[in-house]
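Here is a short briefing on side-chain contacts in one protein. Please keep the sequence and the 3D view open while you read.

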Amino acid sequence: VQLQASGGGLVQAGGSLTLGCTASGRSFSGYVVAWFRQAPGKEREFVAAINWSGTSTYYTDVVKGRFTISRDNAKGTVNLQMNSLKPEDTAVYYCATGGSPERSTRYYGLWGQGTLVTVSS
């Protein structure tokens with residue numbers, strides 16, 4: 001089973017990107033899916049999470065109102081729509097699956113390879 005994150009790229013400040021996370025080998029429809037990010041020289045930090053049904057979402061304060069996490073279990077995808085991007089959003093973004101919407105990496109057992117988001121000023 002593997003997770004694959006995609007959709008990263010270079011965007012100007014104020015722009016938008018949509019990241020996608022898909023699973024191969026097994027559906028993640030019964031799991032919480034979260035996005036984390038890691039900037040150079042910093043620890044990996046929680047960004048957003050969505051419960052298995054998509055009815056509850058969770059965000060770190062600095063992205064509230066700008067990022068939206070969603071999932072389509074039929075298609076096996078979880079997206080992170082990122083609007084009003086700022087240079088400080090620059091990081092490698094990772095998707096991960098877990099049993100509950102925790103904000104610590106220790107609660108997530110399966111990780112994608114990461115996709116780089118670079119926001120220029």
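The link of Cys21 and Cys95 is right-handed, with 75° about the S-S bond. The two cysteines sit in distant parts of the chain, 74 residues apart. The model is a predicted one, and the values below are computed from it.

**Disulfide**

- The count comes to 1 disulfide.
- This disulfide joins Cys21 to Cys95, with an S to S distance of 2.2 Å.
- That distance meets the rule, because a disulfide needs the two cysteine sulfur atoms within 2.5 Å.
- Cys21 belongs to strand E3 (residues 17-24), while Cys95 belongs to strand E9 (residues 91-98).
- Are the two ends buried or exposed? Cys21 has 0% relative accessibility, so Cys21 counts as buried. Cys95 also counts as buried, at 0% relative accessibility.

**Aromatic pairs**

- How many aromatic pairs does the whole structure hold? The search finds 5.
- One of them is Phe36 with Phe46, an edge-to-face pair.
- Phe36 is buried, at 0% relative accessibility. Phe46 is buried too, with a relative accessible area of 5%.
- Phe36 also forms an edge-to-face pair with Tyr108. Here the figures are 5.2 Å centre to centre and 75° between the planes.
- Tyr108 has a relative accessible area of 5%, so Tyr108 is buried. The cut-off for buried is under 20%.

**Aromatic cluster and the charge over it**

- Which residues make up the aromatic cluster? Phe36, Phe46, Tyr94, Tyr108 and Trp111 form one cluster.
- Arg44 lies over the face of Tyr94, a member of that cluster. The distance to the ring centre of Tyr94 is 3.7 Å.
- Arg44 also lies over the face of Trp111, at 4.9 Å from the ring centre.

Note on methods: Residues numbered from 1 in each chain as written. Predicted model: local features only at pLDDT ≥ 70, side-chain atom pairs only at ≥ 80, totals over all residues. Heavy atoms only, no water. Helix = DSSP H or I, 4+ residues; strand = E, 2+ residues; numbered from the N terminus. Buried < 20%, exposed > 50% of the residue type's maximum accessible area, 1.4 Å probe, protein only. Phe/Tyr/Trp six-rings, centres within 6.5 Å; stacked < 30°, edge-to-face > 60°. Lys NZ or Arg CZ within 6 Å of the ring centre and 35° of its normal.
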